[in-house]
Amino acid sequence: MNNTLPQDDEYENGSARDWEAWLKEHAARIYLFARQQARTQEDAEDIVQEALVRLARKEASGEFIGGREAWLPFVYTSIRRIAIDFRRRDDRRTRREQTSADDTTDLLNDPWFSSESGEDELRNLLDRQLKKLPGKFSEVIILKIWGEQTFQQIADTLGISLNTVASRYRYGLEQLRKAISGQKDDYQY
């Protein structure tokens with residue numbers, strides 16, 4: 001994934017450095033959220049790129065309202081919407097080609113998290129359990145914990161009420177605790 005936009009004559013040195021610093025600070029959590037939304041790692045990369053291009057175009061045209069503080073919520077919202085479009089596109093193609101469900105399950109096995117050793121069993125367990133949760137719960141958990149968003153920011157991003165965000169977060173964490181506590185004896189920490 002390319003973490004910089006091409007330098008244009010429109011970008012002054014200060015704003016290009018501003019963009020790169022912002023992107024460096026938020027790239028990991030943005031990409032994590034996109035991987036949670038996407039079916040494949042490649043789709044996640046495409047989704048992130050498209051969301052960042054949308055932000056850059058809006059910002060360059062002067063249409064963007066809210067300043068730098070609003071960039072991250074805008075990108076999360078864009079990722080979610082683009083991912084929905086990607087899923088719809090893939091579903092249509094799948095139906096058209098009449099591909100069996102077994103052929104598509106391999107696409108869902110890309111890990112969301114990476115660790116230094118690649119063998120971090122707790123991360124793998126958490127990854128598996130997050131994937132088993134309904135998307136409405138896992139996306140709230142990811143935005144809250146790894147995206148470092150407030151419940152209000154998540155509500156705005158997802159277009160749902162603050163109470164719904166809080167209940168999805170609590171319910172999702174409860175389900176993760178139950179799943180992990182049932183399996184944690186099998187793992188060494």
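The model is a prediction, so a few ground rules apply: local features need pLDDT of at least 70, side-chain atom pairs count only at pLDDT 80 or more, and totals for chains, interfaces and linings use all residues. Residues are numbered from 1 along each chain as its sequence is written, and side-chain values use heavy atoms, with hydrogens and water left out.

The protein chain has eight helices and zero strands, with helices (H or I, at least four residues) and strands (E, at least two) taken as DSSP runs and numbered from the N terminus. Read from the N terminus on, the order of elements is simply α-α-α-α-α-α-α-α. Of the 189 residues, 35% count as buried; here buried means under 20% relative accessible area, exposed over 50%, and partly exposed in between (1.4 Å probe, protein chains only). The accessible surface comes to about 11,700 Å², and 45% of that belongs to carbon and sulfur atoms (Shrake-Rupley method, 1.4 Å probe; for residues, only the protein chains shown count as cover).

The average pLDDT (the predictor's confidence in each residue, from 0 to 100) is 78, and 76% of the residues score at least 70. Among the elements, α2 has the highest mean pLDDT, at 92, while helix α4 (residues 101–105) has the lowest, at 37. Two stretches stay under 50: residues 4–14, for which the model has eleven contacts beyond four places in sequence, and residues 185–189, for which the model has six. Where pLDDT is low, the predicted coordinates should not be read in detail.

On to the interior. A nonpolar core is a set of buried Ala, Val, Leu, Ile, Met, Phe, Trp, Tyr and Cys residues joined through side-chain atoms within 4.5 Å, and the largest one here has 39 residues. Trp 22, Leu 55, Val 75 and Ile 79 have the most contacts inside this core. Two or more residues each come from α1 (13–37), α2 (41–61), α3, α6, α7 and α8 (162–183), and α3 gives the largest share, nine residues.

Ile 79 sits in helix α3 (residues 71–97) and, at 0% relative accessibility, counts as buried. Not counting residues up to four places away in sequence, Ile 79 touches Ile 30, Phe 33, Ala 34, Gln 37, Ile 47, Val 48 and Ala 51.

Gln 149 is in the loop between α6 (135–145) and α7 (151–158), yet its relative accessibility of 4% makes it buried. Beyond its neighbours within four places in sequence, Gln 149 contacts Leu 72, Pro 73, Tyr 76, Leu 143, Lys 144 and Ile 154. In α5, the buried residues are Leu 125, Asp 127, Gln 129 and Leu 130. Helix α5 (residues 121–132) has twelve residues, so at 1.5 Å a residue it should span 16 Å, which agrees with the 17 Å between its end C-alpha atoms; the expected span is 1.5 Å times one less than the number of residues.

Finally, the aromatics. Rings of Phe, Tyr and Trp (its six-membered ring) pair if their centres lie within 6.5 Å; planes under 30 degrees apart count as stacked, over 60 as edge-to-face and the rest as tilted. The whole structure holds seven such pairs. In one, the rings of Phe 137 and Tyr 171 have centres 4.7 Å apart and planes at 50°, so the pair is tilted. Phe 137 lies in helix α6 and Tyr 171 in helix α8, so this pair ties together parts 34 residues apart in sequence. Phe 137 is buried, with a relative accessible area of 11%, whereas Tyr 171, at 39%, is partly exposed. Phe 151 and Tyr 169 form an edge-to-face pair, 5.3 Å centre to centre with 65° between the planes. That pair links Phe 151 in helix α7 to Tyr 169 in helix α8, 18 residues apart. Phe 151 is partly exposed at 24% relative accessibility, while Tyr 169 is buried at 15%. Trp 19, Trp 22 and Trp 71 form one aromatic cluster.

How values were computed. Contact = heavy atoms within 4.5 Å.
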